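Good morning, and thank you for coming. Please look at the model on the screen while I speak.

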Amino acid sequence: MKKIAIHWFRRDLRITDNHALSLALNSDYEVLPLFIFDKDILNQLEDKSDRRVDFIHQSLQNINQELEKYNTSIYSFFGTINEAFKHLTNQYQIAEVFCNEDYEPSAIKRDEEIKLFLETQGIKFTSVKDQVIFAKNDILKADQTPYTVYTPYSKKWKEKLNANYFQSFNCNLNHFTPNSTPLHSLQEIGFKKTDTHFEAPILDKNIISNYDEFRDYPSLNHTTHLGVHLRFGTISVRKCVEFALNHNQIWLNELIWREFFMQILANFPKVQTKCFKEKYENIAWRNNENEFIKWCNGETGYPIVDAGMRQLNQTGFMHNRVRMIVASFLCKHLLIDWRWGESYFAQKLLDYDLSANNGNWQWSAGCGCDSAPYFRIFNPYEQTKKFDKELIYINHWIPNLNDLDYPTPIVEHQFARERALRIYKEGINNTL
Ligand SMILES: Cc1cc2nc3c(=O)[nH]c(=O)nc-3n(C[C@H](O)[C@H](O)[C@H](O)COP(=O)(O)OP(=O)(O)OC[C@H]3O[C@@H](n4cnc5c(N)ncnc54)[C@H](O)[C@@H]3O)c2cc1C
């Protein structure tokens with residue numbers, strides 16, 4: 001049997017400018033493209049119409065359409081990662097497995113285990129940087145410790161950047177091994193098609209060039225919606241960074257925030273469950289379940305909060321400005337533990353990413369690295385005046401705003417603000 005190499009697709013669902021794929025295709029072996037529908041992950045998803053699974057499935061179908069021209073297709077496996085590699089090592093003579101690095105703690109553990117298993121079989125495991133420009137240890141302070149404040153991190157990030165970092169990786173698509181096994185259907189893996197239409201990833205010059213001017217107004221929808229594509233690698237971050245450099249520095253800053261939070265999670269994995277600033281663990285959250293349900297359903301009686309939550313529930317997306325408002329509202333106005341909100345977003349967001357979600361929730365709650373100070377409490381009414389003055393966004397998501405059945409405010413703003421200030425202060429001082 002001829003020896004082959006495997007390219008294991010994970011968060012890199014594209015066949016151009018893909019680092020690990022380019023290495024595999026340049027190796028001495030023909031390459032089998034692999035995707036594993038990982039039961040350990042899929043079983044955790046309660047909603048069988050999960051938009052992320054649909055997105056992944058559609059992206060794999062798109063890749064297969066391209067691969068057809070090269071007489072191959074993705075070899076899909078439905079099971080656990082261990083089962084997949086046991087099966088593959090029985091089925092094929094594998095010389096090497098290539099993949100792109102994934103920096104989430106559970107993925108790091110998974111990759112270490114698979115690497116060990118493959119090595120016992122005499123198979124090399126090669127994993128390389130692809131989803132970021134700078135990974136965990138690439139941008140460090142002079143004393144070789146990680147940055148925990150964004151501004152100096154981003155300054156160093158920009159100083160270090162040069163054209164080599166965003167050079168495209170050439171993928172020689174003629175070097176695949178033939179394969180004709182069909183992709184598992186959504187049904188076969190226990191999921192359903194959703195009603196979401198996924199736009200192809202586009203670096204839209206109009207949106208990006210004017211990003212700084214319009215990005216904060218939710219009704220204008222003037223952001224790129226590339227979050228999901230960066231999350232699953234259907235666009236290359238190198239292309240995005242190159243485009244940002246040429247068109248808009250503020251948009252570049254957003255891409256750097258993404259990497260900032262990724263290196264925070266990788267260097268401080270405790271943030272996955274704990275406040276970055278430990279003293280915030282002592283806040284006496286009220287954690288009222290009924291209020292939480294109202295927040296989730298967009299029934300707080302605060303129109304900008306409710307509009308955001310309804311947008312999230314109906315589409316899987318929420319505008320960044322509104323994400324900040326609803327998160328602040330949950331933690332400060334309702335005094336509900338940020339982890340509850342984080343976990344709700346994790347279920348619903350199409351662009352859900354552990355590091356960005358966690359980092360931004362901790363930022364909003366005041367307990368994260370480089371957070372908004374705890375006494376900065378967004379006033380939802382003032383935010384509306386500034387960013388949705390004509391109520392266009394609100395009216396879109398709450399057509400019955402003026403009807404009698406629209407709820408009255410769940411809590412009075414000034415009262416909630418003072419309560420939050422008191423409870424936060426008491427919590428933080430508890431440990432001094
Ligand atoms: C409470 C809260 C939770 C969030 N959860 C997530 C999440 O799970 N996944 C996620 O990708 N972003 C998250 N964000 C950040 C931000 O809201 C989204 O990245 C952005 O709204 C996505 O829209 P877009 O793709 O049009 O991005 P654009 O505004 O066009 O920005 C381009 C890209 O830059 C990155 N980016 C932008 N802002 C941030 C940021 N503040 N932190 C990290 N990366 C950023 C994203 O990859 C984004 O797609 C969260 C923000 C808040 C306040």
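This is a predicted model: local features need pLDDT of at least 70, side-chain atom pairs count only at pLDDT 80 or more; totals for chains, interfaces and linings use all residues.

How many salt bridges does the structure hold? The structure holds 27, where a salt bridge is a side-chain nitrogen of Lys or Arg within 4 Å of a carboxyl oxygen of Asp or Glu.

Residues are numbered from 1 along each chain as its sequence is written, and side-chain values use heavy atoms, with hydrogens and water left out.

Let us turn to the domains. The protein is divided into domain 1 (1-130), domain 2 (132-166 + 204-267) and domain 3 (272-429), with bounds that come from an automatic or database domain assignment. In an unreviewed UniProt entry, the annotation "domain: Photolyase/cryptochrome alpha/beta" covers residues 3-133; such annotations, given in the numbering used here and with shortened feature names, may be inferred rather than shown by experiment.

How far apart do the C-alpha centres of domain 1 and domain 3 lie? They lie 37 Å apart. Even so, seven residues of domain 1 are in contact (heavy atoms within 4.5 Å) with 13 residues of domain 3. The area buried between these two domains is about 690 Å², and carbon and sulfur atoms give 41% of it. Buried area is the accessible area (1.4 Å probe) that two parts lose on being put together, summed over both. On the side of domain 1, Arg51, Arg52 and Glu104 lose the most area to domain 3, together 73% of what that side buries.

Across this interface the rule finds one salt bridge. Arg11 forms a salt bridge with Asp353, and their closest N and O atoms are 2.7 Å apart. Helix 3 (residues 51-67) gives the most to the side of domain 1 that touches domain 3, with three residues. Helices here are DSSP runs (H or I, at least four residues), numbered from the N terminus.

Finally, consider a pair within one helix. Lys109 forms a salt bridge with Glu113, with the closest N and O atoms 3.3 Å apart. Because Lys109 and Glu113 are four residues apart in helix 5 (residues 105-120), about one helical turn separates them.

Definitions and conventions
Helices (H or I, at least four residues) and strands (E, at least two) are DSSP runs, numbered from the N terminus.
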